[in-house]
Amino acid sequence: CGDSDSRYLHHGIPAETDPLDAQGMWRVPARSSRQPAESEHMRLGSELKNRKVGVMMGGMSAARDLSLETGEAIYQTLVDRGYKATRIFVDRDVDLAIRQSGIDVAFLALQGRYGEDGCIQGMLELMGIPYTGSGVTSSALAMNKIKSKEIFRLHNLPTPPYYVLPKNRLGRKLFKKLKVY
């Protein structure tokens, strides 16, 4: 997925102050790197105050209620601090809701499948709308715990031992017994 505006990465932060690179990977600052000056943070805040922020909440996952609660708190905080914010309730017609809202930036308060797995992020990138959080690839990988662990191990990051259980009868019986299902 490409960036819609070369000055901004996927979540609407100018590239020079973004902690993630274009692929959604963390940039590791050099030990001598400086922190952005207070005026830079203030400039970013004032730039965003002139843009319409859509707080995307709800979704179709089991964590819908938590997302609605979180999204409402984010919306109230943005409004209280002088931002032009609007609520966007995510369901199967989210693309229409986004188009009708006329937002410039999306603040993601979504959880689980279709919220944190890269689907919404991919749609926002296709629409050219910057958003908060990780990019498409990072989100998809984070939702796939096995792939995440493989990447951690590939880069020599410590991870606890794990086992992969196939989704067969034995796995289902075990999940039911553990009440994970």
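**Setting up.** I worked on a predicted model, in which local features need pLDDT of at least 70 and side-chain atom pairs count only at pLDDT 80 or more, while totals for chains, interfaces and linings use all residues. Residues are numbered from 1 along each chain as its sequence is written, and side-chain values use heavy atoms, with hydrogens and water left out.

**Entry 1, the largest core.** I looked up the nonpolar cores, each a set of buried Ala, Val, Leu, Ile, Met, Phe, Trp, Tyr and Cys residues joined through side-chain atoms within 4.5 Å; I took buried as under 20% relative accessible area, exposed as over 50% and partly exposed as in between, with a 1.4 Å probe and protein chains only. The largest core holds 15 residues, of which Met-56, Val-94, Ile-98, Ala-106, Leu-108, Ile-120 and Leu-124 touch the most other members. At least two residues of this core come from each of strand E2 (84-90), helix H3 (94-101), strand E3 (105-108) and helix H4 (119-127), where helices (H or I, at least four residues) and strands (E, at least two) are DSSP runs numbered from the N terminus. With three residues, H4 gives the most to this core.

I then listed the contacts (heavy atoms within 4.5 Å) of Leu-108, leaving aside its neighbours within four places in sequence, and found Met-56, Ile-120, Gln-121, Leu-124, Tyr-131 and Thr-132.

**Entry 3, salt bridges.** I searched the whole structure for salt bridges and found three, each being a side-chain nitrogen of Lys or Arg within 4 Å of a carboxyl oxygen of Asp or Glu.

Glu-72 pairs with Arg-87, with the closest N and O atoms 2.7 Å apart. This pair links distant parts of the chain, since Glu-72 sits in helix H2 (residues 64-80) and Arg-87 in strand E2, 15 residues apart. I noted Glu-72 as partly exposed at 27% relative accessibility, and Arg-87 as partly exposed at 32%.

For Arg-99 and Asp-95 the closest N and O atoms are 3.6 Å apart. Because these two residues are four apart in helix H3, about one helical turn separates Arg-99 from Asp-95. Arg-99 is exposed, with a relative accessible area of 56%, whereas Asp-95 is partly exposed at 26%.

Lys-147 and Glu-150 meet through their side chains at 3.3 Å, N to O, and both belong to helix H6 (residues 145-154), three residues or about one turn apart. I recorded Lys-147 as partly exposed at 39% relative accessibility and Glu-150 as partly exposed at 38%.
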